[in-house]
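Biologist: I am new to reading protein models. Could you walk me through one, feature by feature?

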Amino acid sequence: MGELTESSTPQTAPSRPLPFREDCWSEDATSTLVDGWGRRYLELNRGNLRQKDWQEVADAVNARHGHNKKARRTDVQCKNRIDTLKKKYKIEKARVSESNGTLTSSWPFYARLDMLIGSNVTAKKPPASPPLAVPLSYRKPPSTMVQPVVLPQKRPSPAVDDSYFRRNYSAVAAAAAAEEESEDEDESEDLKSSEESGEQRDGKTDGMRRLARAIERFGEIYERVEGEKQRQMIELEKQRMQFAKDLEVQRMQLFMDTRVQLEKIKQVKKSGSNDIYS
């Protein structure tokens, strides 16, 4: 029987320590990251952070934990860490939900992430509602009448004729209605000419543009009517003040004439009595 030249027992290679990952996060750094991300997440109404926001989150983490070059974090590393925490939270959430309340999560970040994204995980997004129909054109009904404007409660003196204001306001309202009808006719002619020229426009955009033009025209007409109303009211107030002034002057004149007449009567009586005694 020959001698064995090599040992039959396999030899294992010496174990080596695992290399240190530069993106390894400590619990304190992760807590600071969750605080900074959660604050901006709520400020954006639970919306996605932009690159500038992620850079601010990274700056906040580095200010407290980036004491050396290896410990400093970039905005990409912060975003990847948050994505990892979200995946971990979904696993914990499913485990807690399946236990029907018999289990609780011992993960230190579960409560904070549940407050921030818990509703987004459990709630279902409602189906997108179809866009509302947009009117292609704005047409004023033929029976539409200009609504009369209520006169103020404070009325001038009965001596002032307010028919002047009513006549002028009716003329303004009629002019506004005529101008609006002419604008509607111009709009119809523009629409007909555009259809004849064969222009192809998007229906929604064209309808919104026409609706905006109609609203703008209505605002201009309303502003002109209100301006004319204000001018008429100012003119009416001026007439009232002038009438009150004239009335006061007449009253003072009548008072002075009465005093003069009384003085004349006294003088006549006095002279008559003197003639009797003489």
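**How the helices pack**

Modeller: Let us start with a crossing: the axes of α2 and α3 come within 8 Å of each other and cross at roughly 90°. An axis here is a line fitted to C-alpha atoms, for helices over the stretch in contact, and angles run from 0 to 180 degrees between N-to-C directions. Helices (H or I, at least four residues) and strands (E, at least two) are DSSP runs, numbered from the N terminus.

Biologist: What word describes how α2 lies to α3?

Modeller: Angles under 35 degrees count as roughly parallel, over 145 as roughly antiparallel, 65 to 115 as roughly perpendicular and the rest as oblique. So α2 is roughly perpendicular to α3.

Biologist: Which residues make the contact between α2 and α3?

Modeller: Contact means heavy atoms within 4.5 Å. On the α2 side these are Gln51, Trp54, Gln55 and Ala58, and α3 brings Asp75, Cys78, Lys79 and Ile82. Sorted by class, the contact of α2 with α3 has four nonpolar, two polar and two charged residues. For these classes, Ala, Val, Leu, Ile, Met, Phe, Trp, Tyr, Cys and Pro count as nonpolar, Asp, Glu, Lys and Arg as charged, and the others, Gly among them, as polar.

Biologist: At what angle do α1 and α3 pack?

Modeller: Their angle is about 95°, with the axes 11 Å apart. That makes α1 roughly perpendicular to α3. Here Thr30, Leu33, Val34 and Trp37 of α1 meet Cys78, Arg81, Ile82, Leu85 and Lys86 of α3. The residues of this contact divide into six nonpolar, one polar and two charged.

Biologist: Before we go on, what kind of model is this, and how is it numbered?

Modeller: It is a predicted model, in which local features need pLDDT of at least 70, side-chain atom pairs count only at pLDDT 80 or more, and totals for chains, interfaces and linings use all residues. Residues are numbered from 1 along each chain as its sequence is written, and side-chain values use heavy atoms, with hydrogens and water left out.

Biologist: How do I read the confidence, and where is it lowest and highest?

Modeller: pLDDT is the predictor's confidence in each residue, from 0 to 100. The protein has a mean of 75, and 61% of its residues reach 70 or more. Confidence is highest in helix α3 (residues 75–98), at a mean of 93, and lowest in helix α5 (residues 163–196), at 60. Where pLDDT is low, the predicted coordinates should not be read in detail.

Biologist: What is the overall make-up of the secondary structure?

Modeller: There are six helices and zero strands, so the pattern along the sequence reads α-α-α-α-α-α.

Biologist: How can I check the length of a helix such as α1?

Modeller: The expected span of a helix is 1.5 Å times one less than its number of residues. For the 17 residues of α1 that should give 24 Å, and the end C-alpha atoms are 24 Å apart, which agrees. The 15 residues of α2 should span 21 Å, and its ends are 21 Å apart, which agrees too. α3 has 24 residues and reaches 35 Å, close to the 34 Å expected.

Biologist: Which residues of α2 are buried?

Modeller: Buried means under 20% relative accessible area, exposed over 50%, partly exposed in between (1.4 Å probe, protein chains only). In α2 the buried residues are Asp53, Trp54, Val57, Ala58, Val61 and Asn62, and what covers them includes α1 and α3. Among the buried residues of α3 are Cys78, Ile82, Leu85 and Tyr89. Across the protein, buried residues make up 22% of the 278 residues.

Biologist: Is Tyr110 buried or exposed?

Modeller: Tyr110, found in helix α4 (residues 110–122), counts as buried at 12% relative accessibility. Leaving aside neighbours within four places in sequence, Tyr110 is in contact with Tyr89, Glu92, Lys93, Val96 and Ser105.
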